[in-house]
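Okay, thanks everyone, I'll keep this brief.

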Amino acid sequence: MKKLLLILLFFPIFGFGQDVCGTIPTQQQIDYLIQTRDARNNWNQSKSTLLIPIQNHVVRETDSTGGLTIVDISFVMNTLNTYYINSNIQFYQCDSINYINNSNYYDFDVNDESVFCGQNDIQNVINIYYFNSVTSSSGVGLCGYAYFPPGPDRVIMKNSCALNGSTIVHEIGHYLSLYHTHGPTNNGTTTELVNGSNCSSAGDELCDTPADPNLAGLVTTCQYTGTAVDANGQSYVPDPTNIMSYSQKVCRTFLSAGQYNRANYSAINDRGYLSCPILAPPLASFSILNLSSCSGDISFNDESLYNPNYWNWNFGDGTYSNLQNPSHTYLNDGTYDVSLFVSNGLGQDSIFQSGIVTVNLMPPPIAYNDTSYVSPAIFTLSSATNDVNWYTDTLAILPIASGSSFITPLLSNTTTYYVREFADTSVYGGPLDNTIGSGGYYNNDRHLFLDCYTPSTLISTDVYAGTAQAITFELRDNNSQVLADTTITVQVGLNILYLDFDVPVMNNLELGMNTGNSDLYRNSTGSVYPYTIGNIASITGHNSPNSVPYHYFFYNLRMKENCVSDFAEATAVFMLPSLVEYVDNSKQLIKTVDILGRNAKDTKSEVLFYIYDDGTVEKKIIFE
């Protein structure tokens, strides 16, 4: 009876009949996490998939009975990968399952850990041990436990808990620096306030998980039944579905974006040394950022597993590349197959995707010549579309005019000009306006992150201003270097900013301002990243620590792909009397039309177009 009373005294939260989490951070680990808190909170999740090796150790009876099966281990791996793909983490088995047939350890006492696990661990991989039962040094039944960084690469699991769908994710969360939602302790409550004012330094140090008073014994049918209040007297409204909580295990199905981001930081910065000494043949995979293009520019990403060191891309147009993540320009319209071959020292693999890329290049615009029978003369050259630029040559460095008509300077010789069309089809993306959630005007320096998949132009965006003032808006690269900027005086309320920024192909571009004190509106709730902008770009987040649901300043972004056609020629032609005898009379006139396209007869002082059977068009004016 004394033993029972002792357990109730020191573990009051465990009296609801579940095996518990045995992960307890040391003071050294807590100090380390405090020292790295700012970096952890300001982290922006890497977009590359991280491959983390696991060695599974299944402990059975001496006669090889009991223990988890291959199917069970497959379930564990699939469970981990289903959740942590949201951290851009995928786990793989470094080697085949290590079966340990020893009845002395089938039911495990944590006092035996250093002796038993020390001789079976594989260095620099996550060693997960599965036992029939796990008992703490004080006799408490444990579901499992792990080690916060810096700590051993080891996770201890009870068999039944490994298969309940949440505990293995919970313990790997600890291994990747995730606290319980109520904070670092196992048997206390939180100091986090319900209003979120200390969310980045109290509780689990994440602001997208609500303050949690410790849910042990306070959840019924997945609903919180407690009545606790915080230091301000506000009632807690915790999330019983969070996997890092002490809710009932069957209820735990959710990790927040902030938790996934923190796990990603830890995988790279705390556990970046993990590496499987046993290599595997590669598994080919790739993605294409922009599946269709009017410019022909397509970007490819290698997503192959198991560390290939050789790549061979076949773009389907007779060209190849050995780069890992190439960009390619298609020169002709069409639908293209793409394949990728990868290899390393242990094997090879390939993948083929049929008709995955579509290219619709812009044709040259229709252009019309002009003719004069006197010299010198001024000509009016024209195009059938208004979205064109005019050039003196095909180098296209600077246009000399824009629009459907081009009036030449005074000419004395027949002269050819060049005209090309620019796409004017734009797409919109991002939150339409600031009604997606609550928010207010904000003065700190924040920016959005933008991934651009094809050379584009950011035409405009909307902002809401609380103060009329001049603000310099910037587009920066992923090293915070300014690529384009413009200063605009905003008025109170909704403003449409016409930016006209050229946007290169790049991830983690920054859209922001050159200083704080902007007094622009930001949402504190309601954002759901990423926001796609057609197949051109994507808004992936922002640089605010622990503020995942926030959206800063820029709404209703308008972009267009930088599509340009080939050149068409338009010629200013002199038809002087001395040259008439050289006119080619072999072509046949089909019809004559006026400027509105109506059939017409030769009429003095009217602009007429003469259309011939060889496809040429002449523009003439008959004078007195």
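So, what volume does the second largest cavity have? About 30 Å³. Quick background: this is a predicted model, where local features need pLDDT of at least 70 and side-chain atom pairs count only at pLDDT 80 or more, while totals for chains, interfaces and linings use all residues. Residues are numbered from 1 along each chain as its sequence is written, and side-chain values use heavy atoms, with hydrogens and water left out.

Back to the cavity. By that I mean a set of points on a 1 Å grid over the protein atoms alone where a 1.4 Å probe fits but cannot get out; the volume is the space filled by probe spheres set on the points, joined across faces, edges and corners. Searching the whole structure turns up two cavities of 30 Å³ or more. Lining the second largest one (an atom within 4 Å of a point) are Thr181, Thr209, Pro210, Asp212, Pro238, Asp239 and Asn242.

Next, two helices (DSSP runs of H or I, at least four residues, numbered from the N terminus). The axes of H4, residues 70–84, and H7, residues 167–175, come within 9 Å and cross at roughly 60°; axes here are lines fitted to C-alpha atoms over the stretch in contact, with angles from 0 to 180 degrees between N-to-C directions. Contact means heavy atoms within 4.5 Å, and here Val76, Thr79, Leu80, Tyr83 and Tyr84 of H4 meet Ile168, Val169, Ile172 and Gly173 of H7.

Last stop, glutamine 481. Its C-alpha sits 9.5 Å from that of leucine 509, 28 residues apart along the chain. Not counting residues up to four places away in sequence, glutamine 481 touches Leu475 and Arg476.

Key. On a 1 Å grid over the protein atoms alone, a cavity is a set of points where a 1.4 Å probe fits but cannot get out, and a pocket is an open set with protein on both sides within 12 Å along at least five of seven lines; lining residues have an atom within 4 Å of a point.
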